[in-house]
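Open the model in your viewer and get ready to select residues by number. We will go stop by stop.

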Amino acid sequence: QNVMKNLKLSQEGFFRKLKEKYPQLTVNDLRLCSYLRMNFTTKEIANLSNISSRAVEIGRYRLRRKMDLGHDVNLTEFLIRMGETV
């Protein structure tokens, strides 16, 4: 119970921070960010979201563009690091 509450609070802080830094992110973008932050694979995200793996890859690509991240930046690691500073 307490663990879930803490997770929820840290997620809220994470989302708030993301929205402050990248106000153009949609609800779907934020959901993808949270899955990536939990280190889910493309296939796992596709299954959870009921979409194809290709759609997840396109989502990741669009996310990178919105966040202006170069190809040298690992998106998952970037989101995990960002979450740690909440």
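Select Leu48 first. Leu48 sits in helix 3; helices (H or I, at least four residues) and strands (E, at least two) are DSSP runs, numbered from the N terminus.

Leu48 touches both Tyr35 and Phe40, not counting residues up to four places away in sequence. Contact here means heavy atoms within 4.5 Å. Tyr35 and Leu48 are 13 residues apart along the chain, and their C-alpha atoms are separated by 9.3 Å.

A word on the model: it is predicted, local features need pLDDT of at least 70, side-chain atom pairs count only at pLDDT 80 or more, and totals for chains, interfaces and linings use all residues. Residues are numbered from 1 along each chain as its sequence is written, and side-chain values use heavy atoms, with hydrogens and water left out.

**Zoom out**

Show the whole protein as a cartoon. From the N terminus on, the order is α-α-α-α-α. Of the 86 residues, 34% count as buried. Take the contacts between residues at least 6 apart in sequence: 51% of them join residues at least 24 apart.

**Two loops**

Most residues other than glycine have a negative phi. Select Asn39, in the loop between helix 2 and helix 3. Phi of Asn39 is positive, near 65 degrees. Asn39 counts as exposed, because its relative accessibility is 53%.

Go on to Asn50, in the loop between helix 3 and helix 4. Asn50 also has a positive phi, near 60 degrees. At 73% relative accessibility, Asn50 counts as exposed.

**The core**

Next, select Leu18, Leu63, Met67 and Leu79. Of the 19 residues in the largest nonpolar core, these four touch the most other members. Such a core is a set of buried Ala, Val, Leu, Ile, Met, Phe, Trp, Tyr and Cys residues joined through side-chain atoms within 4.5 Å. Helix 1 (2–21), helix 2, helix 3, helix 4 and helix 5 (75–84) each give two or more residues to this core. Which helix gives the most? Helix 2 does, with 5 residues.

Stay on Leu63. Leaving aside neighbours within four places in sequence, Leu63 is in contact with Leu25, Asp29, Leu32, Cys33, Leu36 and Leu75.

**Gln24**

Move to Gln24, in the loop between helix 1 and helix 2. Gln24 is partly exposed, with a relative accessible area of 39%. Beyond four places in sequence, Gln24 is in contact with Asp29 and Lys66. Include Met67 too: Gln24 and Met67 are 43 residues apart in sequence and 9.1 Å apart in space, C-alpha to C-alpha.

Select Asn28, Asp29, Leu32, Ile51 and Gly59. Of the 14 residues that line the largest pocket, these are the closest to its centre. On a 1 Å grid over the protein atoms alone, a pocket is an open set of points where a 1.4 Å probe fits, with protein on both sides within 12 Å along at least five of seven lines; lining residues have an atom within 4 Å of a point. Helix 2 (27–37), helix 3 (42–49) and helix 4 (53–67) each give two or more residues to the lining.

Definitions and conventions:
Buried means under 20% relative accessible area, exposed over 50%, partly exposed in between (1.4 Å probe, protein chains only).
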